[in-house]
Amino acid sequence: MPLPGQLNPSPRLLLGPGPSDVHPRVLTAMATPLLGHLDPQFLTLMNETQEMLQQAFGTKNRLTLPMSATGMAGMETCMVNLLEPGDKIVVCVNGFFGGRQAEIASRTGAQVTQLDALWGSVFDLNQIRDTLTKVRPKVLSIVHAETSTGALQPIEQLGKLCHEFGTLLLVDAVTSLGCVPLKLDEWEIDAVYSCTQKGLGCPPGLSPVSFSQRSVDAIAKRKTKVQSWYLDLTLVQHYWDADRFYHHTAPITMIYAIREGLRIVLEEGLESRWARHVLHHRALKAGLNALGLQYSAAEGHQLPQLNAVKIPAGVDDLTVRKKLLADFGIEIGGGLGDFKGKVWRIGLMGYNSRANCVFQVLGALEQCLMSVGCKITPGAGLAAANKAYAG
């Protein structure tokens, strides 16, 4: 075969559920020459990364680190370390990724109780209490920001509730870290995992995790080995702690990336960053509503960073998304699972939570909808967004 040409993909504005566009400062950091994974300079960068990650998570947990794999490996890291065959876990499922938690938990040999709710809804604290009372599980797992539905699950009181039953709280924060309030210590969260390609404005490739002392103690009391050697925290943690025992060759460039991404997060300030996501969400929501699009998540529980809206009746999902990509270079996401072909998912995460992204996607989506026969007042979406910003 002929030698492929130099890499030169067409420009894209990534406004789907992830990855998002990478912050320019992160791209610059990734061009830094490599160090060895045990070089003293690199070990200092690891320490700095851990300390900033603790701040971003709102925790003092010593076992806080970015796993050398994508967000789903973070999910698996938590499950395989906290669960042994026969352990009981309750998994809250109100979307695609809750279902994936249940699937991975079942592969550990744990006894899985699935607590179901309608997609787009959130769980009531009393509903969870009733289940904990009946099951008395070792672990309760729940998705904070359900990427498939755009629903934000209230978890502020959930850790306290779990600890009444001696249960560990495991939270999926893949789409919430760096976008909405997340306070591990204050909310008594025992284990959490996230990713780099959304709220942190980095490429995919690392999964930040953090474990409370309760979780660390539970892992230390295991009677069986963790089923995954690579994800075994009893081994991995000693590469990231003072021992610096060799475990694997760290992805040096990705550590550069997350270090710079975290620097940007903390320079902006967590409160300011959360407020920025709400600001641009409100403008986008006003514009989408003006185009006749309604949210799939319950009112009052809609994610500011991931806007899931119902596709209008008679409009083909792929036709519109393909036109957005081909004509405007804008990517948005389609639905998953129960929402496949029924919703569009528009992300305003991290670096992409900006006014110019809001106006670009509204203007382009308006043209695409009109091209497939939707009756829209020209400029309605942009005018509504402008009014929201002015207000």
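Two strands count as paired here if DSSP finds at least two bridges between them. The model in these views is predicted.

**View 1. An open sheet of seven strands with mixed pairing.** The strand order is β2-β10-β9-β8-β5-β3-β4. At the edges are β2 (63-67) and β4 (111-116), each of which pairs on one side only. From one strand to the next, the twist averages 15 degrees.

**View 2. Pairing of β9 with β10.** Strand β9 (residues 191-193) is antiparallel to strand β10 (residues 207-211), and three bridges connect the two. Val 192 stands opposite Ser 210 of β10.

**View 3. An open sheet of three strands with antiparallel pairing.** The order is β11-β14-β13, with β11 (306-310) and β13 (333-334) as the edge strands. Strand β13 is joined by two bridges to β14 (residues 343-347); Gly 334 has Trp 344 in β14 as its bridge partner. Helix α10 (residues 270-290) packs on this sheet, touching β11 and β14, at about 15 degrees to the direction of β11.

**View 4. A nonpolar surface patch.** Trp 229, Tyr 230 and Leu 235 make up this patch of about 310 Å². Trp 229 sits in the loop between α7 (213-220) and α8 (233-240). Trp 229 counts as exposed because its relative accessibility is 54%, and the cut-off for exposed is over 50%.

Notes: Residues numbered from 1 in each chain as written. Predicted model: local features only at pLDDT ≥ 70, side-chain atom pairs only at ≥ 80, totals over all residues. Heavy atoms only, no water. Helix = DSSP H or I, 4+ residues; strand = E, 2+ residues; numbered from the N terminus. Contact = heavy atoms within 4.5 Å. Axes fitted to C-alpha atoms, helices over the stretch in contact; angles between N-to-C directions. Patch = residues over 30% accessible without salt bridge, like charges linked within 9 Å, V, L, I, M, F, W, Y side chains within 5 Å. Areas by Shrake-Rupley, 256 points an atom, 1.4 Å probe, with all protein chains shown as cover. Salt bridge = Lys/Arg side-chain N within 4 Å of Asp/Glu carboxyl O. Buried < 20%, exposed > 50% of the residue type's maximum accessible area, 1.4 Å probe, protein only.
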